[in-house]
Amino acid sequence: MHNASGQVFLADCPTRLAVEIIAEKWAVIVLFALSLEPQRPGDLATLIGGISRKVLTQTLRRLQAYGLVERHAYAEAPPRVEYSLTALGGTLVEPIKMLTAWARDNGEAIVDFQERHQP
């Protein structure tokens with residue numbers, strides 16, 4: 001596998017960095033949730049389920065640092081913060097939808113296989 005910068009398996013390859021960012025455990029789920037609409041952190045945690053506030057915050061900050069998510073702080077009382085996808089983050093919506101469709105179509109087969117092959 002090659003791209004303009006060389007092999008995607010090399011540690012300094014931009015393609016590898018991009019794959020590592022979205023391969024992080026919660027990244028795709030957070031990005032998919034934000035594709036629905038901008039979300040407040042508490043609402044996002046409720047929508048996703050199973051993610052701690054700390055891990056959600058870390059994930060949002062990481063995605064923000066890579067330009068996929070943006071944070072909007074509103075000067076209100078009480079203060080309000082929302083996260084949304086950037087234009088770059090929005091380019092991931094269709095690939096994530098395809099991955100989600102695959103997971104929906106094949107999730108049961110994976111569970112069935114695990115149950116048949118547990119020691």
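Modeller: Helices here are DSSP runs of H or I with at least four residues, and strands are runs of E with at least two, both numbered from the N terminus. This is a predicted model in which local features need pLDDT of at least 70 and side-chain atom pairs count only at pLDDT 80 or more, while totals for chains, interfaces and linings use all residues. Residues are numbered from 1 along each chain as its sequence is written, and side-chain values use heavy atoms, with hydrogens and water left out.

Colleague: Thanks! What pattern do the elements of the protein chain follow along the sequence?

Modeller: The protein chain has six helices and four strands, in the order β-β-α-α-α-α-β-β-α-α.

Colleague: How does the radius of gyration of the protein chain stand against that of a compact globule?

Modeller: Taken over C-alpha atoms, the globule rule is 2.2 Å times the number of residues to the power 0.38. For 119 residues that would be near 14 Å, but the protein chain has 17 Å. Along the principal axes, its C-alpha atoms fill a box of roughly 55 × 40 × 25 Å.

Colleague: Why is Gly89 called buried?

Modeller: Buried means under 20% relative accessible area, exposed means over 50%, and partly exposed lies in between (1.4 Å probe, protein chains only). Gly89 has 1% relative accessibility, so Gly89 counts as buried. Gly89 belongs to helix H5 (residues 87–90), and its C-alpha atom is 8.7 Å from that of Leu63, 26 residues away along the chain.

Colleague: And what makes Leu34 buried?

Modeller: Leu34 counts as buried because its relative accessibility is 4%. Leu34 is in helix H2, with 6.2 Å between its C-alpha atom and that of Leu85, 51 residues apart along the chain. Over the protein chain, 27% of the 119 residues count as buried.

Colleague: Why is Pro95 called partly exposed?

Modeller: Its relative accessible area is 39%, and therefore Pro95 is partly exposed. Pro95 sits in helix H6.

Colleague: Which peptide bond is cis?

Modeller: The one from Ala77 to Pro78, with omega near -5 degrees. Pro78 is in the loop between strand E3 (69–74) and strand E4 (80–85).

Colleague: How do you know that the charged end of Arg80 sits over the ring of Tyr74?

Modeller: The rule asks for NZ of Lys or CZ of Arg within 6 Å of the ring centre and within 35 degrees of the ring normal. The charged end of Arg80 is 3.9 Å from the centre of the Tyr74 ring and counts as sitting over it.

Colleague: What lines the largest pocket?

Modeller: A pocket, on a 1 Å grid over the protein atoms alone, is an open set of points where a 1.4 Å probe fits, with protein on both sides within 12 Å along at least five of seven lines; lining residues have an atom within 4 Å of a point. Among the lining residues are Ile22, Glu24, Lys25, Phe32, Ile96 and Thr100. Helix H2 (27–36) and helix H6 (93–116) are the elements giving two or more residues to that lining.
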